[in-house]
Amino acid sequence: MATAAARDTAGSRAYDVMAADDTAAHQHAFDAAVAADERIEPRDWMPDAYRATLVRQIAQHAHSEIIGMQPEANWITRAPSLRRKAILMAKVQDEAGHGLYLYSAAETLGTSREELLDKLHSGRQKYSSIFNYPTLTWADVGAIGWLVDGAAITNQVPLCRCSYGPYARAMVRICKEESFHQRQGYELLLALSKGTPEQHAMAQDAVDRWWWPSLMMFGPPDDESQHSAQSMAWKIKRHSNDELRQRFVDICVPQAESLGLSLPDPDLKWNEERGHHDFGAIDWSEFWDVLKGNGPCNEQRLTRRRKAHEEGAWVREAAAAHAAKHMNGETGATRA
Amino acid sequence: MTTTPAKDTAVTAAALALGDDALVLSHRLGEWAGNAPVLEEEVALANIALDLLGQARVLLSMAGDEDELAFLREERAFRNLQLVEQPNGDFAHTIARQLFFSAHQYLLYAELAAGDGPFAPLAAKAVKEVDYHRDHARQWTLRLGDGTEESHTRMQRAVDALWRHTGEMFQPVEGIDVDWTGLETAWLEWTTEVLRRATLTVPEGPRTGAWAAGAGRQGLHTEPFGRMLAEMQHLHRSHPGASW
């Protein structure tokens with residue numbers, strides 16, 4: 001992909017030792033590649049800030065997959081039928097797999113999974129605010145599939161064309177599985193909505209609780225989104241937060257109708273002139289609160305993640321010790 | 001127990017025994033989701049749990065309605081081995097339980113797959129999955145047994161703790177026509193070799209006790225099992241007759 005000679009020869013060498021002229025040439029080649037919709041690959045020269053932005057975004061994305069396992073795993077042991085239990089287990093397994101792809105994508109930028117997990121555990125890197133809400137009933141599993149995965153897909157499909165190659169390729173694979181999960185969530189809610197009155201009420205209650213947090217997944221309004229302009233210039237991001245949020249609302253309204261469930265927004269109505277749905281104001285104070293760590297489950301999610309990591313330390317140490325012995329040929333006994 | 005089996009009662013009884021083993025162990029493995037020591041094990045444990053749940057669904061469907069059987073039977077009507085209902089404990093306990101059970105299941109299914117009985121089609125498919133489960137457990141037994149001092153101690157403790165539940169796997173099950181004694185010999189030989197390679201000691205204690213010997217197959221279970229079922233069944237039982 002890298003066509004400019006400067007980028008071909010730069011390889012992965014640190015460019016801070018290069019002459020100023022070279023840096024300018026690299027920057028020029030990088031800009032040209034981005035402008036031409038070419039993919040930036042791990043060994044290509046890239047601006048420091050581009051690299052840092054991608055590490056932050058991909059890591060946050062990976063962390064979200066890992067923390068996002070918790071609200072759904074909360075219902076694995078209580079799933080009401082064996083078919084639903086299998087679907088839910090497969091979904092949570094996929095999320096761990098997505099986390100693995102994304103940590104690998106981040107590692108191509110010169111960081112490591114260990115370092116990123118350490119930043120997650122110490123609160124220095126974030127994960128999606130949505131996973132700080134609790135799953136209180138079985139219907140929440142469906143609402144997460146339909147709304148949360150739906151919002152994630154709306155956000156992530158444009159990332160399949162992101163300028164950084166490894167991230168874009170990870171997103172292609174992840175989006176396929178996510179759309180599958182989203183359909184399963186919709187189907188779960190449909191079964192509840194058409195079920196007994198108690199099941200219908202359970203589905204409506206879940207949608208009432210997950211609707212607004214799902215809209216917040218697109219991030220702050222465009223005029224308050226500090227990274228947006230730069231990310232769009234770099235073609236990491238392709239659409240603004242508000243554009244994607246509007247797209248999501250327009251998709252959800254007819255789906256809610258066919259589900260036979262209402263969306264908890266009295267201001268939601270079709271606007272003929274705009275060709276979009278108008279919708280009510282988002283409670284941004286709640287969003288910032290959750291982001292700062294004061295949501296309903298922030299403490300619980302991080303504590304559980306840290307606990308799994310700490311309690312697993314001896315297992316990881318054992319694996320490393322065994323591998324070292326095996327490599328050095330100290331114990332023939334382990335060669336089975 | 002609301003299901004009235006209309007089929008061959010010996011086949012039904014056998015399907016319940018094997019199905020309950022898979023169902024209960026799958027549930028225990030599902031409890032690991034989000035708690036595993038590394039991400040790769042989140043994937044692996046969920047994978048094994050899913051395979052077992054798939055087997056359970058086929059087997060329980062041979063005996064009746066899978067959901068009625070899973071969610072509406074009381075503890076005393078479950079026919080699973082006591083081994084598979086044992087709590088996860090630490091990672092070493094989970095691995096020891098998996099090692100013992102997968103090795104048994106592999107040998108049993110290989111023999112069933114080779115025959116022409118009612119379980120042959122399921123066993124032919126499942127034996128490939130179980131071969132992977134057995135390998136996964138074996139690899140971890142080697143890593144933990146022959147890893148650090150701490151992991152060795154933990155793995156030995158797990159093997160010692162679960163050893164008393166391994167004899168019940170070879171109590172003949174009505175409706176399953178295999179050479180149980182031959183299975184037990186092969187199991188002991190394979191397991192002993194893995195433990196030896198893992199630098200672990202084969203426990204000297206009995207592999208069955210007055211209470212544990214095949215008791216799970218009679219519906220006599222250990223205390224933690226009731227709580228497991230309470231959690232597993234509560235939502236289904238709270239909405240009688242509902243579809244999900």
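**Exercise 1. Charged pairs**

Which residue of chain B forms a salt bridge with A:Lys325, and how far apart are the closest N and O atoms?

*Solution.* This is a predicted model, in which local features need pLDDT of at least 70, side-chain atom pairs count only at pLDDT 80 or more, and totals for chains, interfaces and linings use all residues. Residues are numbered from 1 along each chain as its sequence is written, chains are lettered from A and ligands numbered from 1 in the order in which they are written, and side-chain values use heavy atoms, with hydrogens and water left out.

Step one is the criterion: a salt bridge is a side-chain nitrogen of Lys or Arg within 4 Å of a carboxyl oxygen of Asp or Glu. Step two applies it: the partner of A:Lys325 is B:Asp146, with the closest N and O atoms 3.0 Å apart.

**Exercise 2. A pair inside one helix**

Explain how A:Glu115 and A:Lys119 are placed relative to each other in helix α6 of chain A.

*Solution.* The two side chains meet in a salt bridge, at 3.8 Å from N to O. Because A:Glu115 and A:Lys119 are four residues apart in helix α6 (residues 113-121) of chain A, about one helical turn separates them; helices here are DSSP runs of H or I with at least four residues.

**Exercise 3. The interface of chains A and B**

Describe the extent of the interface between chain A and chain B.

*Solution.* Begin with contact (heavy atoms within 4.5 Å): 49 residues of chain A touch 50 residues of chain B. Next comes buried area, the accessible area (1.4 Å probe) that two parts lose on being put together, summed over both; for these chains it is about 4,200 Å², 66% of it on carbon and sulfur atoms. Of the area that chain A buries against chain B, A:Thr77, A:Leu82 and A:Trp314 supply 19%, more than any other three residues.

**Exercise 4. Two helices of chain B**

Determine how α5(B) and α6(B) cross.

*Solution.* The axes (lines fitted to C-alpha atoms over the stretch in contact, with angles from 0 to 180 degrees between N-to-C directions) of α5 (residues 91-114) and α6 (residues 120-145) of chain B come within 7 Å and cross at roughly 150°.
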